[in-house]
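I opened this notebook to record what I looked up, entry by entry.

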Amino acid sequence: MDGSIKVKNLTKTYKGDVKAVQGVSFEVEEGEFFAFLGPNGAGKSTTVQILTTLVKPTEGEIFVGGINVKDNPEGVRRNIGVALQETGIDSVLTGRELIEMQARLFGFSKKEAKTRAVELLELVDLTGDADRPSGKYSGGMRRRLDLAMTLVHNPKVLFLDEPTTGLDPMNRKAIWKEIKRLNREEGTTIFLTTQYLEEADQLADRISIINQGRIVAEGSAEELKRTLGFDAIQLTFETTEEAEQASKVLYGIGENMEHSKEEVTIYTENGTQFLPELVRNLDEQHLSPKTINVKPPSLDDVFINVTNEEKERV
Amino acid sequence: MSDKKNYFFVDTLIHSKRSIITILRNPFIFIPNLIISLFFLLVYEGGLSGISQLPAFEGANYLAFILPVSIVSAAIGGAGGAGQALVNDLETGYFSRLLLTPSSRLAIVLGPIIAGMLQLLIQTILILIIAYLLGLEVAAGFGGILVVLLLTLGWGLAFAGYSVGIALRTKNAQSAQAGTFIFFPLIFLSTTFVPYELIEAGWLKVATVINPTTYLFEAMRSVFIDGWEFWPLAKGFLVIALLCAVTITFSAVSASKAVSAD
């Protein structure tokens, strides 16, 4: 057992010919921090469910820690830790009971399970609440408990499916800190899925972007930023006609443009420097936008660019 | 291989223990059910016991006649709890969490069933004690009580198989809840209040013959009222064995689908 992940040509087709994942291939080295980035419904969760033995692939070769997921799912389960987005906990049991039970199911003796629970509760800062029913925990506490349960058996590979979605900044930082520590200090391989570009940027060595079941871009955060890192200038107009006109005037000015109804979005490097020129151009045509917004690219913006490029190539 | 067996027993123990804790900490899981069953016993005994003067009852005590209804209704509630517990785990996502451990898959499903059976056993004993305090006499003696417990467990297991199967198939609380409505025809389209000869409507007579609960009622009544008689018991145990075979197969198939999604 090592900490690597190898996926070759993974395909998942659900009933009714719904293609959730279409021929995805990637490799993650032992000790690497890998992020799988994509919008809702891109195929992230399905991929994680397949890699963690919950769902069977339709096609493809998948090795987690050198073990074939199809041939030996139990072997895979012994070596991975999984915090799924929709993973729940039994709200009647206390945090301590849940961790102890988890440890017992991974083959710890009663005594070992007790010791392990004490360590983990300390680690995720839940010692004070260990003996309260987990149903009384706040969202952040529950997520921390979930992480502790995931770590019971010191997994070599950790799968985290949107671990910080819906968390407040403080809890998010706490989770980030802990997974960073696991990766840097314990050499745990991390496979993280997220919708947040910032999260992948902060944590991951390498990022794959998945859209509509396919990988559309891959590289380090820096590499991706260089190719995708435009600012988005968002203009809204009173009427659709005005927006239409504006999009004609501004055509070819930025790197890329999106136009829908009253809204025009232009992607360009250094959006703020670019702004005066843009406004002058509009002014000459007696067009004045209702609102102007300049922001760093959101994941949506990145996607629009990636998918547009895809279209152009076709 | 013996190692694997060992793990299976330990896993089953762990899952059962957890299900029992869940039941104990949620008294609302079993108290309403127990109250309804005692309600049946007390109200029907109090209101209808006069009709046992009719010749069709052959001198039977009405308490002994109605007691099986109370026991069977408690059993359905207890066994149905197993399915409810699984639906709950499926809805909260704890079921996936358990599937991600190396635990035996069978043990994950067996835990709530075993807890449900224990709940049912304790409820039945409680009901029997109360019936004893009300003046119940068991014609077949103490051995008869054990037979009644065995019949109840068998019946509970059959119903647990049904409720678990529905739970794992639908994965949703409303559907599982709807599934428990089978309770009403099972309990009431039978020799619930009066012997077969006294049932008036033709359709109810037909339903009574088809309803497996009838054979369970008759088997228990034979023990309470007549002592040791072969045929009622043989029919009762046969019907239960058949039911268990059907529902447990159903739940096993549903379980294997639920634990390995395609």
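Predicted model: local features only at pLDDT ≥ 70, side-chain atom pairs only at ≥ 80, totals over all residues.

**Entry 1**

Residues are numbered from 1 along each chain as its sequence is written, chains are lettered from A and ligands numbered from 1 in the order in which they are written, and side-chain values use heavy atoms, with hydrogens and water left out.

Which residue meets the side chain of Glu32(A) in a salt bridge? I found Arg206(A), at 2.7 Å from N to O; a salt bridge is a side-chain nitrogen of Lys or Arg within 4 Å of a carboxyl oxygen of Asp or Glu. The two residues are 174 residues apart and link distant parts of the chain: Glu32(A) is in the loop between strand 2 (18-28) and strand 3 (33-37) of chain A, and Arg206(A) is in strand 9 (residues 206-211) of chain A. Helices (H or I, at least four residues) and strands (E, at least two) are DSSP runs, numbered from the N terminus.

**Entry 2: Pairs between chains**

I then looked up Asp90(A), whose side chain meets that of Arg18(B) in a salt bridge of 2.9 Å, N to O. Asp90(A) lies in the loop between strand 6 (80-83) and helix 3 (95-105) of chain A and Arg18(B) in helix 1 (residues 2-25) of chain B, so this pair joins two chains. Both Asp90(A) and Arg18(B) are buried.

I also recorded a salt bridge between Arg97(B) and Asp146(A), with the closest N and O atoms 2.8 Å apart. This pair joins two chains, because Arg97(B) lies in helix 4 (residues 94-99) of chain B and Asp146(A) in helix 5 (residues 139-150) of chain A. Arg97(B) counts as buried at 2% relative accessibility, and Asp146(A) is buried at 6%.

**Entry 3: Network and total**

I found Glu178(A), Arg181(A), Glu185(A) and Glu186(A) linked in a network of salt bridges. Over all chains, I noted a count of 16 salt bridges.

**Entry 4: Ser4(A)**

I placed Ser4(A) in the segment before strand 1 (5-14) of chain A. Ser4(A) counts as buried because its relative accessibility is 11%.

Notes. Buried < 20%, exposed > 50% of the residue type's maximum accessible area, 1.4 Å probe, protein only.
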